[in-house]
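Good morning, and thank you for coming. Please take a moment to look at the structure on the screen before I describe it.

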Amino acid sequence: MLQRLLGGGPQSRKKKVLLGGGALAAVLLAAVVVGAMRGPAEPQSKGTPRSMRLLTQDQYLNTVAYVFGPNVQPTTRFAALPRIDGLLASGAAIAGLSDAQLETYQKTATKVAAQIVSEDSRPYLIPCEPAATDAADPQCAKEFLAQVAPLLYRRALSEEQIDRFVAAANQSADALHDFYQGLSVVVEGILMSPNVLLVAEVSEPDPDHPGETRLDSWSLATRLSLFLWNAAPDAELLAAAQSGALQTKKGLAAQVDRMLASPRLETGVRALFDDMFAFEDFNRLAKDNTIYPAFTGETAVDAREQTLRTVVDHLLVRRADYRDLFTTRKTFMSPSLAPIYKVAAQGPGWTPYEFPADDPHAGLLTHVSFEALHSHPGRSSPTLRGKALREVMLCQTVPRPPANVDFSKVQNPDGSVKTARERIDFHLQNPSCAGCHRIMDPMGLSMEAFDGAGTFRHEENGVPIDTSGNLDGVEFTDIVGLAKALRDNPQVPWCAVRRTFAYGTGTPADSNDRRVLEYLSAEFAGQGYVFPELLRDIALSRAFRKVYEPHLRKTFPLPDLKSAERPQQTASAEPASAIHP
Amino acid sequence: MKVKNLSRRHVLRGLLNGGVVAVALPVLDCLLDDNGAAWAATGESLPLRFGTWFWGLGATNRIFVPQKTGAGYEVPSQLGPVARVQQHVNLFTNLNVFRDGEPNLCHYSGWIVGRTGKAPKTTAEQPGETLDITVANQIGRTTRFRTLTASATGDFRNTVSYENANTPNPPEISPLEFYTRLFGADFQDPNAPVFTPSPRVMVRRSVLSGVLDEIKAMEKTVGATDRQRLDEYFTGLRHLEKQLDQQLTKPEPIAACHAPPSVSMDPKMGVEVDMVQKRHRMLTDLMVMAVACDQTRVFNMAYSNAQANTVKEGYEKPHHTTTHEEPIDSHYGYQPQCAYFSSRAIEEWAYFVEAFTKIREGAGTLLDNMLIYANTDHGEARIHSLDGLVAFTAGRAGGRVKTGLHVDAGATGVTRVAYTAMRAMGIELPNWGVKSNMTSNAFSEILA
């Protein structure tokens with residue numbers, strides 16, 4: 001806090017040194033006088049594109065659960081979204097709609113509606129009882145629909161619109177001789193609405209900045225809410241949008257702080273990291289039972305959960321340094337994970353767990369979720385792991401493998417090859433392979449300390465594993481050394497800022513966002529890499545609510561952080577499968 | 001006499017308005033001929049159907065490509081299972097994919113050219129309209145589903161069907177969900193003695209029109225690219241309306257249609273070959289009955305993904321890794337484990353084809369009234385080659401295609417097979433494909 005009072009970001013600290021210690025009081029006073037409680041002002045930017053996104057499956061399910069209660073949980077599977085610049089959230093802005101997807105929407109809507117009016121649920125979910133269950137009751141229908149429809153539409157609805165829903169409910173109730181069935185038909189219709197299933201942002205002229213456009217209040221409320229909660233706005237946020245408070249500095253800050261303090265934040269942060277870490281791959285993860293008998297379907301589910309629990313605990317509960325996620329020994333353990341980690345059986349259920357100080361398990365890279373996910377069903381893969389480290393943790397893109405490589409020169413027919421290091425040594429001997437494999441293999445081979453299921457090991461086929469390597473010039477001898485090197489790599493927090501900003505605004509970050517991202521990164525550093533502060537800074541930034549029409553945008557790939565001093569990488573959508581083992 | 005002339009829908013609507021919710025209608029036996037083919041009796045010809053099948057990493061050409069061409073070719077060992085259906089299929093070998101200066105995008109360029117006719121520049125460039133959609137837009141608009149797509153990989157991101165660059169058709173990966181979608185509560189058995197239209201469906205239909213109005217209002221507020229997606233939304237809703245209309249209409253009897261036994265649980269998740277085989281067969285059996293019941297006339301099935309990730313229990317290398325790392329056996333002259341995986345894929349191709357021959361339709365089988373096109377991503381997988389590719393067709397497309405032939409394509413383009421298939425399906429295309437992959441040269445040897 002004191003740091004923030006003194007100016008927060010690195011640039012203002014420099015100013016303080018120039019001014020000398022004696023001037024501290026004057027600086028403080030000046031800060032109070034101008035009301036500048038923060039570091040340097042946010043740089044001017046174009047803002048972000050106004051977009052139309054598909055509401056994702058989780059956003060839909062979370063919203064339905066918040067509006068109708070946690071028991072309303074339809075089973076469904078929305079179509080896969082493309083991963084754009086590292087995020088499915090960005091893919092939602094371009095994904096098209098097939099007939100099959102509309103069918104899924106309808107089936108899901110039917111399930112939700114049926115659950116709401118089921119005899120068990122109606123006493124809790126419908127705020128009134130109809131005069132007769134076998135006939136229309138306009139008053140009761142209106143009471144219910146006026147309450148839930150705005151929450152699903154994410155905006156206030158006109159009296160006429162509500163009346164149209166009520167009329168439809170009455171008509172259906174009359175036709176079916178059932179008040180509740182009539183109501184459920186209307187709920188189905190609402191849940192099929194493009195206004196519900198598509199997040200089409202609306203802009204308006206910004207009265208404070210002539211010539212610029214900003215999101216209108218409803219669109220801003222939705223952008224905030226999808227960002228922080230991964231769900232539609234609640235009634236209070238919609239009220240702030242309706243009153244106009246959300247478009248004031250104070251009103252916006254009050255809502256953002258309320259949202260950050262809400263239990264829904266955990267759901268939002270889990271969704272962000274699940275997306276960033278490409279955990280949807282867990283949906284198809286299975287291991288070879290004969291090679292890894294301890295790895296079951298439950299292990300895969302728990303591996304994902306373990307990392308998300310660790311992320312939430314570290315970032316939200318402890319408000320610890322983001323970078324320490326890559327070295328922390330604090331985590332959670334479940335009965336199905338214990339045998340993989342070779343620790344005493346835990347449980348029942350989840351228990352907090354801390355690995356000893358000399359243990360090779362330190363940070364997210366050593367979690368089963370990383371090591372097993374980026375492996376084959378029957379063996380580990382230094383290349384897949386090195387690629388994931390570059391792309392997921394450092395926001396870099398590893399180029400695709402070259403074509404027409406004759407592998408007959410590099411196959412190992414004699415069976416004397418025992419370890420992955422020997423097996424993939426040919427990558428570095430072949431010039432067409434070496435260029436890319438040099439950026440993956442040196443850290444991938446260090447992770448050979450874990451087998452394909454994520455269990456720590458000292459040797460492979462009876463031969464000790466050499467886990468030495470380097471990451472961007474930092475040498476290390478073992479996996480813990482790699483974890484530390486990653487933790488200290490300046491690209492790590494830069495990547496987090498870039499992905500979080502793109503996730504929040506709904507479209508990939510590009511060169512237009514560069515100065516804003518640098519500003520947010522400096523703030524993040526100045527605040528000791530406390531993640532909720534980053535969320536707050538992004539949500540309150542002008543770039544978050546200032547929008548422009550996408551076709552005006554001239555984009556260039558976003559290069560790495562300047563200070564990282566490494567060859568420029570290009571950003572593009574590459575399928576994760578497009579890589580050698 | 002045609003069923004549709006009875007105007008049952010209108011009659012039923014009248015009844016429903018009067019509060020009657022169940023109406024029994026007699027089976028129209030007069031429509032069934034000796035083979036039980038309703039269409040024959042209604043004076044309409046049997047419908048033509050089009051399907052595709054996909055497998056990754058090609059074949060082991062050394063033990064796959066027959067020496068002889070034409071009819072009665074010998075069957076090398078890896079082609080073995082195809083012997084069971086040899087008279088129903090055509091085998092194409094020695095096919096090329098032309099890159100036209102674009103990179104060889106491993107596991108991508110090959111199958112994309114085979115299904116869209118165009119070599120992609122990058123893997124970020126999505127395929128665009130695949131040939132099944134071209135065909136479906138012509139012949140698939142009257143059925144409950146315009147197309148059905150399934151994948152035995154267990155990964156719902158593996159699809160071989162694209163409406164356009166941003167709209168892949170999501171595949172069915174779960175036999176349980178596929179069964180429910182096809183034969184669950186919304187299925188109308190065309191041969192059911194009692195037809196009971198749901199009053200619920202009628203009110204649902206009326207609510208949908210309100211939703212269509214909302215799209216029109218939204219179109220005014222979004223940009224041009226997003227308007228296209230709203231159009232897709234609109235089209236999807238129209239499709240749902242049509243499905244509801246069909247549910248309110250007594251269907252014409254179809255003798256070949258027998259709703260399969262219900263699927264109560266899914267097979268185990270995983271990419272081990274036996275698991276994939278089980279999933280593939282369950283999905284295939286459902287697909288066959290979906291076609292027999294005229295739920296769709298266009299369908300796609302993927303056995304494995306491009307760059308197949310199939311594994312063998314106890315063997316650490318997945319299929320793809322094996323192609324790179326397994327030494328060529330000096331005795332056999334090929335990679336034996338890699339060949340094992342390819343053989344398992346070919347076994348499933350034979351199963352797929354055979355499954356359609358088991359349904360009687362008209363004077364022949366279901367397969368006689370369809371054409372299936374099967375393709376893969378590479379020739380020799382070991383070096384990611386884009387030459388020496390193989391492909392199949394199966395079925396006689398209602399007599400338009402001759403079968404039982406092995407055609408050596410003489411290093412011509414893989415697009416010729418797809419082009420020939422589309423021509424056989426009655427798609428009027430003077431040519432198909434882009435640059436070197438463009439062809440107007442159908443395989444005349446298989447066209448009847």
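I begin with the contact between the chains, to which chain B gives 62 residues and chain A gives 60 residues. Two residues are in contact if their C-beta atoms, placed from the backbone, lie within 7 Å.

Please note that this is a predicted model, in which local features need pLDDT of at least 70, side-chain atom pairs count only at pLDDT 80 or more, and totals for chains, interfaces and linings use all residues. Residues are numbered from 1 along each chain as its sequence is written, and chains are lettered from A and ligands numbered from 1 in the order in which they are written.

Let us turn to helix 11 of chain B, residues 415–424. Nine of its ten residues are buried, so helix 11 of chain B is largely enclosed by the rest of the structure. Buried means that 20 or more other C-beta atoms lie within 10 Å of a residue's own; with 12 or fewer the residue is exposed, and in between it is partly exposed, C-beta atoms being placed from the backbone. Among the buried residues of this helix are R416(B), Y419(B) and M422(B). Against what do the buried residues of helix 11 of chain B pack? Their partners in chain B include helix 3 (109–116), helix 4 (131–139) and strand 14 (405–413). After the helix comes G426(B), with a positive phi near 85°.

Next, the interior. A nonpolar core is a set of buried Ala, Val, Leu, Ile, Met, Phe, Trp, Tyr and Cys residues joined through C-beta atoms within 7 Å. The largest such core has 162 residues, and those touching the most other members are A169(A), L183(A), V186(A), L482(A), L486(A) and L520(A). At least three of its residues come from each of domain 2 (52–199) and domain 3 (275–487) of chain A; domain bounds come from an automatic or database domain assignment. Leaving aside residues up to four places away in sequence, L486(A) touches F326(A), L365(A), M393(A), L471(A) and V492(A).

Finally, the C-alpha centres of domain 2 and domain 3 of chain A are 42 Å apart. Four residues of domain 2 of chain A contact five residues of domain 3 of chain A.

Technical notes:
Helix = DSSP H or I, 4+ residues; strand = E, 2+ residues; numbered from the N terminus.
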